[in-house]
Structures are given as C-alpha cells and as structure tokens.
Amino acid sequence: MSVNFNRKNLSNEELVHLYKLLLKPRVIEERMLKLLRQGRVSKWFSGIGQEAISVGVTAALEEDEYVCPLHRNLGVFTTRGCNLQQLFEQFQGKQNGFSQGRERSFHFGTNAHHIVGMISHLGPQLCVGDGIALASKLKGEKKITVAFTGDGGTSEGDFHEACNIAAVWDLPIIILIENNGYGLSTPVNEQFRCKQLADRAIGYGMMGITIDGNNILEVYHTIKQLREEMIANPHPVLLECMTFRMRGHEEASGVKYVPKELFELWEKKDPVMNYENWLIEQGIISPDYPLMLREEMDAEVRTAFDAADKQPEVTADSEKEEEDVYLWDVRSGMSEVKQPLHLPPASDIGHRTIRLVDAISEGLKQSMQKHPNLVIMGQDVAAYGGVFKITEGFVEEFGKERVRNTPLCESGILSAALGMSAKGMKSVVEMQFADFVSTGFNAIVNNLAKSYWRWGQNADVVVRMPTGAGVGAGPFHSQSNEAWFFHVPGLKIVYPSNPLDAKGLLCAAIEDPNPVMYFEHKALYRGTEGEVPEDYYTLEIGKAKLVHEGDGVSIITYGAGVHWALEEVRNQKSEISIEILDLRTLLPFDKEAIADTVKKTGKVLVLHEDTLTGGIGAEIAAWINENLFEYLDAPVMRCASLDTPVPFAIPLEQNFLAKSRLQEKLNLLLSY
Ligand SMILES: Cc1ncc(C[n+]2csc(CCOP(=O)(O)OP(=O)(O)O)c2C)c(N)n1
C-alpha cells in the first residue's frame, strides 16, 4: 500500500505549512504517551495514524467554520491554534483548562475556536452539527460545518437522524466518518453489513464519497472542493475517510484483539511518514528538516506541559459549581448579581378572557415577533399548525424557515437546537406529545442540560411538552413526565396552570438562555379560561403563586392539581380553611413560598397528577421535613396518581388520577 500525493495548485510554502500542522499532533501524542507511562496524565484516546483527517479537514476550512470533533481528533484543536498550555491544563483537569476541571480529555468545546464539545455518546455530535449548519443557512452565511463520527458511531440512531435531517433540509454539512477498522474492540464486519459506509448516502438522498484518510492532500483538496460546491449550492455530504487506529481504543485498553498483520499493513501507510518522505523526494524539504522540526516542536510541547504541570490542582467551590449550572445574564431576566430583572411585567390594560391554548399561542407568536433569531421546530407545526393548533397561522406570518416542520426525530432536532444556540439562535422545540420526549431524552439531559456547565455553551432552547391525562388517550399520550427532568441539573421546568401564567412564563422561558422544559396540560388547553393582557409580558421563572388563602392546611401543587384543589375548596363542607400554593416552576422550585405556607398552616399535602414514587412531591416533602420540621403539626402527605402506566378507559383513568383520592387524603391529614 502506498500513498499517492497530488499537490494540485498548492505552493511549496503551503505544502510545508500542512506538514507542520500534520506533525504537531503526532509530536504532542508521542510526548503524551511518555507522560502517560509516567502517570502524569490519565486517560488518552490516541489519534496516531489518523492525523491527516483532523488536520486536513480543519486546514481546508475557514477559521470561523464550525467543527464538531470527537475523542480522537487532537489535530482539530492544534490546527485551530488552541493554546498548548491550556490544552494540557484541560487534560490534567486544571482550573485554566477549557472546562475548568469539569471535563476530561477532548470532551470540551471552545467557541473562540469554533469547535463544539462532544458528549461521550458520540452520535449527538452529528445532530449538533446539523443545527450549526441550519443556523448558517438561515443567516445566509457562506459557511459549511464538519461533524465527525467513527465507524462505530454510524450504528447509532443519531447518525441516521443527522443524515436524514441534513438531507431533507439541504444543510451545508459534511458528516465525516473516520473508518478506522474498530469501534473499541468491535471490528467493522461486526458493526455493519454495507460495503462502504459512504454507500448509505444513497438511501438518504445525499452525496457520498470514500477517500484515503491517510493522505493529507487528498483530505485537504476534497474538503476544499466540497466546500466550494456546498457554498454555491447548500447540500450535505457523507464523507468516509479510510484509516486505521494504530493504538488501543484508549491507552489502558491495549490492542490484543487486532491482528498483527493489520498493523504492519497500515504502518506502511502512516500519514506523517509518507507525506514527509514525499516532501523530501520532491525536494520541498531537506532530509534533515523533519528531525529539526520535531525537536523544535517537542521543546515547545515540553515547555507548555511543564507550565501546565506547575499549575496547582483545581480547588472546589460548591457555590460556584452550583451557580455555573445556569447561564445568568440579562437576557434571562436576571441581572449579573443573580437577581431577577423585571422584563416587561403584565400591564393592567387590554385584558381579555382567553383559553390556555390561546395564551400559549399568543405568547409564542409575540416571542416570534420580538426575537428575529427564534425558530420553532416540531412535527407538523408549519401549515398544519401542530396537532393542538398552537402554531396555526404562524407560517403565513413568519415563513416556513422559522416555523419548521421536522422529520419524525426528536433526538436529532433537540441536539440540533443546541447547535443553533452556538450560532446565537433561539429555538422552541415542540414535542407532539410530552410522551415522545423519551426518544429525545439523551439530547436533553446530557447535551442541552450540561453543555453550559461543561464548556460554557448554553442551550437557548424551550421544549414544549403537551402533557397530562384526563382525556382518555392511554399510556403513550397521557403521561406526566416532569419528574424525569426534575433530577437533572442545568434544566429549568415550568408548568403553568392558567392562561395568565402560561403566556408570561412561556415568554420568560424563551427569553431565558437556559434550556427550559415547558409543560402545558392538554386537558387544560380548552377547558381553562382566564384574563390575559394583550401585550407581550413575562413572569418570573422560579416563583410560586398563592391561589387561595387559608390557615388550616396547605395544598402545594401545580398544573391540573391546582384546579382539583380549587374544586375541593368549592365543595368543602368543613370549617378548615385551605391554602393552595401553585408552584408554577418546578425547577428551581420556590422554597421561600413553600416555607411561608408551611409556617402558616403546619399541615401540608403535596398534590400532583404524576405517579407517586419518585415524583416531585417526594422532594418537596423531604425538603419540608429537613428544613421546617418544627413548624409541622402532621407528617407531610402526598396525593398522587397510582404507580401504574396511564390507562385508557375513562373509569380506569379516573381511578388512576390523584384527584380520585384527594378528599380522602385531605381528611386523613386533617384528622391527624
Ligand atoms: C452511546 C454510547 N455507547 C457506548 C459508548 C462507549 N464507547 C466509547 S467510544 C466507543 C467506540 C467508538 O467507536 P468508533 O465510533 O468507531 O470511534 P473510534 O473510537 O474508533 O474513533 C464506545 C463503544 C459510548 N461512548 N456511547
């Protein structure tokens, strides 16, 4: 096997420049391997033998074109000129590393270098790339995006979703497969059955190409040419680069399972040595130049490493760690001193009585008018107006680019929304039913929720969640799944119970640069009316509301529970007066308001439509127990739905719902 180089129009200087870029990650890695053996760095994913891909791709792009690399792409970071000392501090988990010690190895991004940080789950990175490409396209920029995957990652659903989205939306993205023979220990013949992975492109209706990934000039020229074509006529490309992983999956895991002959074969194709030899043969560099350059680079690497090594261990500050879970800035209605700013409050004029569904629609529409960088994405949201008609008529006003019908793929779209955030755009992603969020779960809990804390990229995304039972829709169109997200640092959860709150909180959620799960109860859509100001306004996220005053017992609740509790008050025959606190925001929940009502009544029932075990009520009860025990006259009780899936038949559903046990639970508490 040999490597055939074709310089095309490149000058000698350009060829030598590429050589320097190619050699850099190799020299760093060789030093890293020594440091690993000395135990001075931990965990290392080697890209030795694959450098021509990372380097060739990055060198062929403009500096402000985004790259979404994975764990084996050191060459992307070095070619983008990331500071070496900072890189080493990253690898050592130091304060000045790119993730302040919060992330390991290459699991970080840097917007200054237009690099998106991966999550360990691999496939989502391709969908984030789609989002960046979409934002570039919507902004009319002449830019492409490149997102990386290994051959193993092509078996993930997100690979399929990313290719399909890119094809359907004609996105200027190169989905680049580094086919290096193995996914951890699994060889390609146990990973897929097609001949070449690029052949899959036919099925997606996109261009597919296979090239020699060990030939820096072939990679470079291919990207340059594709870039030109894709800018003139936006479209995606599936680019398969053939290469080989010359070391273990990570340094500790060894290579016993790889036949020796394969190493011998691919050693002959080493991307650095072959290019070096060719440059010497062509008389472009002198035979002693490589050694001189290596020594020079190694000295630079050692200096950077020593400087990083001297930096102290990172020190933990719990307050800062917790504070950095959210991006605090004026756009979220919070000042830099972490106090809420009052963005337009509700005005006293122009109120009219509308339904919850209309309030959501109006808030969404006014937000679209206010934020030209806001895009709505979801299944059937465009001309059809969404299954609940919330976006009806939006396409006429805002166009199909901003009110985007998506293919049926929650995961891909949610990760794409993160990519849009990296380009300064806002997204509202509509789940057709909250139940279907399960197929986008990873994107929300690992990508959207954690990116800001991990490497500073916020997810300016609102996920709309038509939720709840009471409409006879069965187990997969009725669930209350807010507790799935309640446990995830980095998310906010908003759950209004009435039209006034629904509009104000939706507008606030869209203003907020953090990922917000916005729950809207389907049974309340058309069954709840209320006075709502016509103008745009926001309500503060994180604040509960007292909806009924009393001093005998507190019902702490949200969503449909508020209406059940109010009904209980109306039907009540006893003398005991009931106080009802509507939480409105579940994450972060309003501890002050909870404390106020507990101190007032001393008896608390937490009521929710969600099932009992591990529900929001468990956390609220635990918090009250731990912090307000001395004010209690009875144990905190919970009233929730049965610990079963949501049944379809109305008598079963009614029996399932917490409402059917509310009176009994309340009496139990009152008689304590
Ligand atoms: C969703 C998920 N499952 C499993 C893993 C564990 N894992 C990490 S890398 C890897 C192999 C990846 O192979 P490939 O995509 O070919 O990339 P390569 O490491 O060869 O560059 C596996 C199984 C993971 N990170 N994410």
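## Charge and basis of the model

The chain carries 66 positive and 91 negative side chains, and the centres of the two sets are 3 Å apart. Lys and Arg count as positive, Asp and Glu as negative, while His and the chain ends are not counted; each charge is placed at NZ of Lys, CZ of Arg, CG of Asp or CD of Glu.

The model is predicted: local features need pLDDT of at least 70 and side-chain atom pairs count only at pLDDT 80 or more, whereas totals for chains, interfaces and linings use all residues. Residues are numbered from 1 along each chain as its sequence is written, and side-chain values use heavy atoms, with hydrogens and water left out.

## Overall dimensions

Along the principal axes, the C-alpha atoms fill a box of roughly 100 × 55 × 45 Å.

Of the 672 residues, 60% are buried, meaning under 20% relative accessible area (1.4 Å probe, protein chains only).

## Strands around β2

The chain has 25 helices and 21 strands, taken as DSSP runs (helices H or I, at least four residues; strands E, at least two) and numbered from the N terminus.

In strand β2 (residues 145–150), five of six residues are buried. Strand β1 (residues 67–68) runs parallel to β2 through two bridges, with C68 partnered by A147. Strand β3 (residues 173–179) is also parallel to β2, joined by six bridges; here G150 stands opposite E178. Pairing requires at least two DSSP bridges between two strands.

Note on methods: Buried < 20%, exposed > 50% of the residue type's maximum accessible area, 1.4 Å probe, protein only.
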